[in-house]
Amino acid sequence: MRICFVSGIVDDAGWLSPLKALRDRYGHEVSAVVASDEGPTGDRLRAWNIPYHVRRLDLARDRMALHEAILDLARLFRSERYEVVQSHDFNSTMLARPAAWVADVPVRVTRVLALVHL
């Protein structure tokens, strides 16, 4: 199965352990979309040889920029032919879920970190 984790959290790479386990233990093809490849997230992705794409995942944009960001992610999801897209935080969820829907990704999962975000 082709799985993509999407996260705008770049200062704590703890969320990557399940991604690595999906690859190492279960043999899935995994990758990530991250807001930056610097810091612990980028270090861990490179050390574990997990492919990744860097995209702007913040929501502080005008409507047209948000629309383009969603379409950009949808193009990526479609070209990589992901079967599962999991978004990790509120901002990435607001972009990745509609993008995965547009790209017709069969399974779209969100990990809600805390209800305070909602």
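Strand β2 (residues 29-34) is largely enclosed by the rest of the structure, because five of its six residues are buried. The model described here is a predicted one.

- Strands β1 and β2 run parallel and are joined by six bridges.
- Within that pairing, isoleucine 3 has valine 30 of β2 as its bridge partner.
- Strand β3 (residues 52-54) also pairs with β2 in the parallel sense, over three bridges.
- A right-handed β-α-β unit is made by β2, helix α2 (residues 39-47) and β3.

**Strand β4 and its pairings**

- Strand β4 (residues 84-87) is covered on both faces: Val84 and Gln86 are buried on one side, and Val85 and Ser87 are buried on the other.
- Four bridges link β4 with strand β1 (residues 2-7), and the two pair in the parallel sense.
- Valine 6 finds its bridge partner in serine 87 of β4.
- Strand β5 (residues 107-110) runs parallel to β4, and four bridges join the two.
- Valine 107 of β5 is the bridge partner of valine 84.
- Between β4 and β5 the chain passes through helix α4 (residues 90-102), and this β-α-β crossover is right-handed.

**Helix α4**

- The 13 residues of α4 reach 19 Å from the first C-alpha to the last, close to the 18 Å expected at 1.5 Å a residue.
- At the start of α4, the backbone nitrogen of asparagine 91 lies within 3.4 Å of a side-chain oxygen of aspartate 89.
- Aspartate 104, which follows α4, has a positive phi near 60°.
- Ser92, Thr93, Leu95, Ala96, Ala99 and Ala100 are the buried residues of α4.
- These buried residues pack against β1, α3 (63-80), β4 and β5.
- An α-helix has 3.6 residues a turn, so residues three or four places apart point the same way.

**Nonpolar cores**

- The largest nonpolar core has 18 residues, of which Cys4, Val6, Val33, Leu73, Phe77 and Val85 touch the most other members.
- At least two residues of this core are supplied by each of β1, α3 and α4.
- Helix α3 provides the largest share of the core, with six residues.
- Beyond residues up to four places away in sequence, leucine 73 touches Val33, Arg55, Leu57, Leu95, Ala96 and Ala99.
- There is also a second, separate core of 11 residues, including Ile3, Leu19, Leu45 and Ile50.
- In soluble globular proteins, nonpolar side chains tend to be buried together.

**Threonine 110**

- Threonine 110 belongs to strand β5.
- Its relative accessibility is 28%, so threonine 110 counts as partly exposed.
- Apart from neighbours within four places in sequence, threonine 110 is in contact with Ser87, Thr93 and Arg97.
- Glutamate 68 is 42 residues from threonine 110 along the chain, and the C-alpha atoms of the two are separated by 21 Å.

Conventions:
Residues numbered from 1 in each chain as written. Predicted model: local features only at pLDDT ≥ 70, side-chain atom pairs only at ≥ 80, totals over all residues. Heavy atoms only, no water. Buried < 20%, exposed > 50% of the residue type's maximum accessible area, 1.4 Å probe, protein only. Pairing = 2+ DSSP bridges. Right-handed = clockwise from strand over helix to strand, strands pointing away. Expected span 1.5 Å × (residues − 1). Contact = heavy atoms within 4.5 Å. Polar contact = N/O pair within 3.5 Å; in protein donor to acceptor, adjacent residues only side chain to side chain. Core = buried A, V, L, I, M, F, W, Y, C linked by side-chain atoms within 4.5 Å.
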